[in-house]
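Reader: Hi! I have a model open here and would like to talk it through with you.
Author: Happy to, let's take a look together.

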Amino acid sequence: MISLIILVGFLLRSKMGRLILAVLVALASVLIYFLYLRSPPPLPEIDLEEWWGTELSKSKQDDSIKPFKVDFNEVMIKDLKDRLRDRHPLAPPLKGVAFEYGFNSKQLEGWLKYWAEEYSFKERENFFNNYPHFKTDIQGLSIHFVRVTPEVPPGVEVIPLLLLHGWPGSVREFYEAIPYLTSASRDRDFALELIIPSLPGYGFSSGAKRPGLGADKVAVVFRNLMHRLGFKKYYIQGGDWGALITSCMATFFPDEVLGYHSNMPFIMSPKVTLITLIGALYPPLVVGSNVQDRMYPMLEKYANIIEETGYMHIQSTKPDTIGVALSDSPTGLAAYILEKFSTWTQLSNRKATDGALTKQFSRDQLLDNLMVYWSSNSITTSMRLYAETFNKRYLGLGLEEIPTNVPAWFIQAKNELTYTPIWALKTKYPNIINETILDDGGHFLAFQLPEIFSNDVIKAIQSFRAWHKNNKKTEL
């Protein structure tokens with residue numbers, strides 16, 4: 001304190017010193033404002049009946065829930081094979097380049113050959129239909145979902161869990177996790193009923209007919225889906241877009257959401273950004289030594305983010321332009337999507353000759369996911385979610401600055417593109433029960449490590465139930 005007084009006295013002795021002191025006081029005031037005094041923005045108005053279909057469809061509303069089957073018909077299959085065969089030669093990769101420039105064209109040839117000649121379309125169609133699929137109209141959108149209800153012994157409560165995927169994933173990401181998630185156990189008095197929808201404009205869910213369907217609006221759609229299915233209270237889980245949408249649900253509907261689990265928590269508020277930048281000067285101020293390398297050195301981390309988010313800038317500004325190319329060419333679609341499953345699983349895969357794709361996933365798994373996009377012709381409508389969310393309207397809402405009291409549990413994989421420290425998460429989710437830090441895994445966690453993912457989700461829900469009991473909250 002004495003040293004500080006001496007420093008201030010020294011600065012006051014000269015005009016330049018007084019100027020420096022004024023600047024320091026101004027900066028300190030800004031810091032105090034952003035860190036302590038700035039109030040969170042108000043919740044936006046929520047329109048539970050906002051219409052995303054055509055005006056004509058408004059007069060023909062249908063609340064029924066209809067069974068649905070994934071269908072890879074012969075006409076579509078023949079067209080796909082013709083396109084894979086009748087295409088321009090691919091430009092050869094540069095000497096010594098693996099996946100650093102994107103999907104290696106030499107490696108892509110093998111994937112295209114397998115897709116056209118060895119991928120068993122009917123067998124994979126049957127695989128998709130192993131679980132019950134349905135469709136129902138919500139706010140003018142035809143929403144597709146998988147619903148898996150477990151068989152349980154007497155005394156075991158069945159409780160609902162909404163699982164949301166992201167881009168460029170689909171409901172296919174959760175298939176390997178479903179048996180783990182729906183299993184009954186002597187160690188707990190509940191089992192999970194899974195509701196796994198395709199996001200609007202993704203796969204077998206229809207897209208909006210007008211602009212504006214951002215992540216916050218999709219949150220309302222899925223709240224209404226859960227109500228349509230008879231669930232007034234429920235648990236939610238999401239990664240990628242699913243993480244953002246479920247976060248919006250926890251913010252908008254805290255009296256309905258019993259617990260929020262995410263494998264990709266992300267906070268982008270001014271306060272968190274400012275503290276993160278300060279941490280670059282001395283990381284121990286911001287994050288523990290066990291995960292320091294996931295945030296710093298900042299220059300390296302931001303360089304990777306810039307390098308790996310070019311797709312995001314395109315899709316946030318001109319999704320329909322890139323959509324033309326990807327909708328017309330299965331070769332282009334394969335390169336564009338499969339590259340993400342390589343790099344986002346682990347950045348070092350960029351240096352692997354084959355992108356290390358089959359190290360973590362089978363060819364059929366990854367082509368199944370591609371087929372969701374190709375067979376439904378949904379790549380363009382899926383990418384519009386970026387343009388509808390990363391804009392002034394959505395970012396101006398400041399939703400990440402509005403706390404929610406919903407109990408939360410997070411799991412963060414070693415190779416996820418970003419890491420958010422628990423202190424930052426608590427600015428949004430004060431009732432965090434646990435943070436699981438993995439030394440393995442990447443962006444597509446449920447797909448890559450289904451058992452680890454599922455066990456963490458089940459532990460989270462056990463803890464949510466105990467939290468509600470301790471806080472005398474009413475459950476289902």
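Reader: Where is R350 found?
Author: R350 sits in the loop between α14 (330-343) and α15 (357-360). Helices (H or I, at least four residues) and strands (E, at least two) are DSSP runs, numbered from the N terminus. Before we go on, this is a predicted model, where local features need pLDDT of at least 70, side-chain atom pairs count only at pLDDT 80 or more, and totals for chains, interfaces and linings use all residues. Residues are numbered from 1 along each chain as its sequence is written, and side-chain values use heavy atoms, with hydrogens and water left out.

Reader: Thanks! Is R350 buried or exposed?
Author: R350 counts as buried, because its relative accessibility is 12%. Buried means under 20% relative accessible area, exposed over 50%, and partly exposed in between (1.4 Å probe, protein chains only).

Reader: And what does R350 touch?
Author: Leaving out residues up to four places away in sequence, R350 touches A98, F99, E100, N304, E307, E308 and T343. Contact here means heavy atoms within 4.5 Å.

Reader: Nice. Where is the place of E256?
Author: E256 is in the loop between α9 and β7. E256 counts as buried too, at 13% relative accessibility. Setting aside neighbours within four places in sequence, E256 is in contact with R223, H227, K232, K233 and Y234.

Reader: Let's switch to the sheet. What order do the strands have?
Author: The order is β1-β2-β3-β5-β4-β6-β7-β8-β9, in an open sheet of nine strands with mixed pairing. Two strands pair if DSSP finds at least two bridges between them.

Reader: Which strands stand at the edges?
Author: Those are β1 (65-68) and β9 (432-437); each has a single partner strand, so one side of each is left without a neighbour in the sheet. From one strand to the next, the twist averages 25 degrees.

Reader: In what sense do β2 and β3 pair?
Author: Antiparallel, over six bridges, with β2 covering residues 133-138 and β3 covering residues 141-148. D137 stands opposite S142 in β3.

Reader: How many residues of β8 are buried?
Author: Five of the five residues of β8 (residues 408-412) are buried, so this strand is largely enclosed by the rest of the structure. A408, F410 and Q412 are on one side, with W409 and I411 on the other.

Reader: Got it. How do β8 and β9 pair?
Author: They pair in the parallel sense over five bridges, and A408 stands opposite I432 in β9. β7 and β8 are parallel as well, over three bridges, and H261 has W409 as its bridge partner in β8.

Reader: New topic: how many residues are in the largest nonpolar core?
Author: 123 residues, and those with the most contacts inside it are W115, W167, F222 and W241. A nonpolar core is a set of buried Ala, Val, Leu, Ile, Met, Phe, Trp, Tyr and Cys residues joined through side-chain atoms within 4.5 Å.

Reader: What does F222 touch?
Author: Not counting residues up to four places away in sequence, F222 touches I143, L162, L164, P197, S198, L199, P200, I245 and M249. Apart from that core lies another, of seven residues, including V287, M295, Y296 and M298.

Technical notes:
Axes are lines fitted to C-alpha atoms, for helices over the stretch in contact, and angles run from 0 to 180 degrees between N-to-C directions.
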